[in-house]
Amino acid sequence: MFKCKTSPEVGGMGHSVKRKEDARFLHGKGTYVDDVKLPGQLTMVMVRSPYAYAKIKNINKEKALAIPGVLAVITGYDLAEYNLHWMPTLLSDTQMVLPTDTIMHQSQEVCAVIATDRYIAVDGAEAVEVDYEPMKALVDPYKALDEGAPLLRPDKEGQKDNQIYHWEKGDREKTDEVIAKADVVVKERIYLPRIHVASIETCGCVASYDKDTEKLKVYLTTQAPHAIRTIIALVAGHIGLSEEKIRIIAPDIGGGFGGKVPMYPSYVVAIAASFLIGKPVKWIEDRSENLVNGFARDYHMDCELAATKDGKIQAFKVSTLADHGYTDSSANPSKYPTGMFSICTGSYDYEHAFAELDAVYTNKAPGGVAYRCSFRVTEAVHAIERMVDKLAAEIGKDPAQLRFENFIKKEQFPYASPLGWSYDSGDYKATLEKAMDMIGYDKYKKEQAEKRAQGKLMGIGICTFTEVVGAGPSKDFDILGIAMFDSAEIRVHPTGKALARFGTKSQGQGHETTYAQILAEELGIPYTDIEVEEGDTDTAPYGLGTYASRSTPTAGAAAAMAARKLKAKGKKIAAYLLEVSEEDIEWEVGKYFVKGAPEKSKTIQDVAFAAYTNFPPGMEPGFEATHYYDPPNLTFPNGAYICVVEVEEETGAIDVKRFVAIDDCGNIINPMIVEGQVHGGLTQGIAPAMYEGIVYDDEGNVLNGTFMDYLVPTAVESPHWETGHTITPSPHHPLGAKGVAESPTVGAPPAIANAIIDALAPLGIKHLDIPITPAKVWEAIQAHKKK
Amino acid sequence: MIPSNFSYHKATSIKDAIALSQTHGEEAKYMSGGHSLLPMMKLRFASPEHIIDISKIDGLSYIKEEGDFLKLGALTTQSEMEYSPLIKQKYAIFSDAIKLTADPSVRNVGTIGGNIAHGDAANDQPALMLAMRATIIAEGLNGQKSIPIDEFFHGFYMTALEPSDILIEIQVPKAKNRSGGAYHKVERKVGDYATAGVAVHVELDDSGICQEIGIGLTNVSAVPMRLDRGEDI
């Protein structure tokens, strides 16, 4: 286990210090975007389409404009005058800001009403008369590629069908050949449904353009303020918004989970409105809007796993159909359209793999949010972990044993995966063993045999996942060409206290505490003496933001590297103060001392003061450092999760009896924060496994657009999470850390699905797609009884 | 999530409320706790032009045994019922069931009368009243009337109440010596509306033979439903 180098007062790595940011949150003193109130501020509300696919024949603003307090109704035609009615997406597609003629999904923004307050704006939105001509919506992605399917994007030059792109990786021929010759091949079509990022805070902005200074200030619910600033400059440069005049402020954020990475059309309209009117314009998405816009997942994966009859895995093949809605607005910063989906070969050692994917347009909301996972890792892990269990069931081998026999071994790292990743480190065997010990695997196996003899349904499910996080090395990642480094800037004041600023942006992760702990670890300045700031592009160094579990792998590394620059400078100052040569100075946390004479020493605070008051002749004064860190590789956190369930045959009710999660995220900065992250992530893992999924009807209407029908589990529905760790430091990260936030969301769903399907195995049920609801289980049981 | 414009009227007495209702006609709606009506207004599923707030009318909040009945004042909140010693002791089916309705902050404001008058088959309380064979007392333009619970629910959000009628009291037959009941609610998430719910009330004679049974169902039909065939058995 990790051994703390610092005292609890200094609070470096490994100390479960309380979160510095919590006082303001617990006292209700956080400042969220909706708390921002600027003088003269107006409110914007969007009119949204009731239809999934329709022509707009006319928009009549008259009745809305007649309401006192309604100042403007902005349509796509108004934006077209400035060529702002379309915007590019990160993946080189195009997205409507506001439509001029065609509606492409239900609840799409039709036009915007600007009014003096929100009540009036909502009345105004209701008074706008839109004349639609509904068309037959294309909802089923499998029909999107049919001959004769309506061409959804005739606006795109050269677009002849509804395919957005085809992607493939690996050796198709060789993989097919191995599969054809294998003793055992298991196949399954696995669907990961659309799900919704249910942050407590919805999206919103306050855009404020000052016509005199020509400056635009935007308070924005964003996980990536600098990237947004650059995007606005690139998209709206032609109307005079250039990057030095743009300031993005991401204040406190109430949950992001990837849903606050994209640039949403309403942001652009609010900015345009403020630019035209010259007053601040606030837009706050309401819950109903938030629920039906933006989504994650929606992958249909045809999987084949080939093995010898003893269960040695030989090859994996997956062909995927991805439903992207009407545009590919995926919040994907990698150079690959499917992000990190090629991690789908999993934690196992075999040679042959092939993955391909066809992305299609449908009349659904665009999104492609990487909901608490590095882009498409959840889908990849679900595919391989379900298939490994299916293989175990097929050949009658214990799924834990099958995994042990196929794991990449500790000594094989760095491991080159069949689809091209270089796994940094791991000890999969030890991690699974720890999980099995903790839960009492053998005891449950016995209990299961007894229960089955009594006709009861009990299941044990395992998931041993490998994540790929920390976007990322510039060879694999960029946003509009900008490399995915991140940054830290440290200013140590003369009194030895410090201000540190970062290019990332916490949305609840606890950066104000963990970054301070990293600096405490490196410099010996107590974490309580270090203020951490993020989110204001005028003050923070350029960075790419927080998602993909990248903050610790990138900005955390930058913090360590910047601190080491300071430590090196401090050594020179200490040598000067102690009148010895630099080579004679040694460091222990917080203190420089003379080799062999530890009583002769200077603290980091002494040295900081001297950097402003008594520095060596010729040295640049001050005690500040900045570092931009471009990681050499991604990090590969991993874990072993085991779940025990009981299923009631009469009702299909599922009871999660135990859930043990052993995570290996390398060295840990704050164990308490990591545990909190794991608990939250596991709860967001049980959500898609058992509760969540956006349902559409044939017309493209969302059927569960409220929290009454879209079930987000709470603490009451969550089982008691039992957590633990193995620690295999990342060899290439300065702190040996890997990032943890996404592992539980990625690892929990397959563990739960595997457990439920294992419980149902005696009835002959071999697969169920998530969410596995009581109704779905009951139906499956009835169907199998009839057989 | 913002309702249409409406006028707000605060009624000081039942007579005052009925007069206000008469003045504003069909565009008026009574509101007590508002926890069923306001969400519908926020979603603009309901847009009454006049809200007549009856929550401040004195004398409509009580839980008492009188004559042959347990009498529940219409403005009694669900929390008051949940924590009433009399109910806990003799009518535990109510306190057991109310615990499962929404969450404490809703129960602190939502009233028993409003819950029933709303006519929503998804609410928990109507099934309880069916099982307990309650009688609804309402006051309207022509004075008071009593409506047996079996004649109260007419359809989706529709009840036997005329537009001016105010539900003022619910009368439940007084608990017999050997009687009791339970409410079972199937819900996907705590605090949700029931996927389905069942309230059962039984009365036994001295030898332990069941003499009377009432079974009410939640959310299985457009109206709260009595399980007649089950009772016959």
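Predicted model: local features only at pLDDT ≥ 70, side-chain atom pairs only at ≥ 80, totals over all residues.
1. Which residues of α19(A) are buried? They are Val777(A), Ala780(A) and Ile781(A). Because these residues cover an arc of only 100° around the axis, they sit on the same side of α19(A). As background, an α-helix has 3.6 residues a turn, so residues three or four places apart point the same way.

2. What do the buried residues of α19(A) pack against? Their partners in chain A are the strands β30 (638-647) and β31 (654-664), together with helix α18 (743-760). The other side of α19(A) carries the exposed residues Ala775(A), Gln782(A), Ala783(A) and Lys786(A).

3. Helix α14 (residues 511-523) and helix α15 (residues 551-578), both of chain A, pack at an angle of about 35° with axes 9 Å apart. The crossing of α14(A) past α15(A) is right-handed. On the α14(A) side, the contact is made by His511(A), Tyr515(A), Ile518(A), Leu519(A), Glu522(A) and Leu523(A). The contributors from α15(A) include Gly556(A), Ala559(A), Ala560(A), Ala563(A) and Arg564(A). Sorted by class, the contact has 8 nonpolar, 3 polar and 3 charged residues.

4. Now to a glycine in a loop. Gly311(A) lies between β15 (299-307) and β16 (313-323) of chain A. Setting aside neighbours within four places in sequence, Gly311(A) is in contact with Leu391(A), Ile395(A), Lys397(A), Leu402(A) and Glu405(A). The C-alpha atoms of Gly311(A) and Val184(A) are separated by 8.2 Å, although these residues are 127 residues apart along the chain.

5. Last, the interface between the chains. Here 12 residues of chain A are in contact with 6 residues of chain B. On the chain A side, the elements giving two or more residues are α4 (118-127) and α9 (287-292), and α4(A) gives the most, with 3 residues. That side of chain A divides into 6 nonpolar, 2 polar and 4 charged residues.

Terms used: Residues numbered from 1 in each chain as written. Chains lettered and ligands numbered in written order. Axes fitted to C-alpha atoms, helices over the stretch in contact; angles between N-to-C directions. Helix = DSSP H or I, 4+ residues; strand = E, 2+ residues; numbered from the N terminus. Left-handed = near helix turned anticlockwise from the far one by under 90°. Contact = placed C-beta atoms within 7 Å. Nonpolar A, V, L, I, M, F, W, Y, C, P; charged D, E, K, R; others polar. Buried ≥ 20, exposed ≤ 12 C-beta atoms within 10 Å, placed from the backbone. Arc of directions from axis to C-beta.
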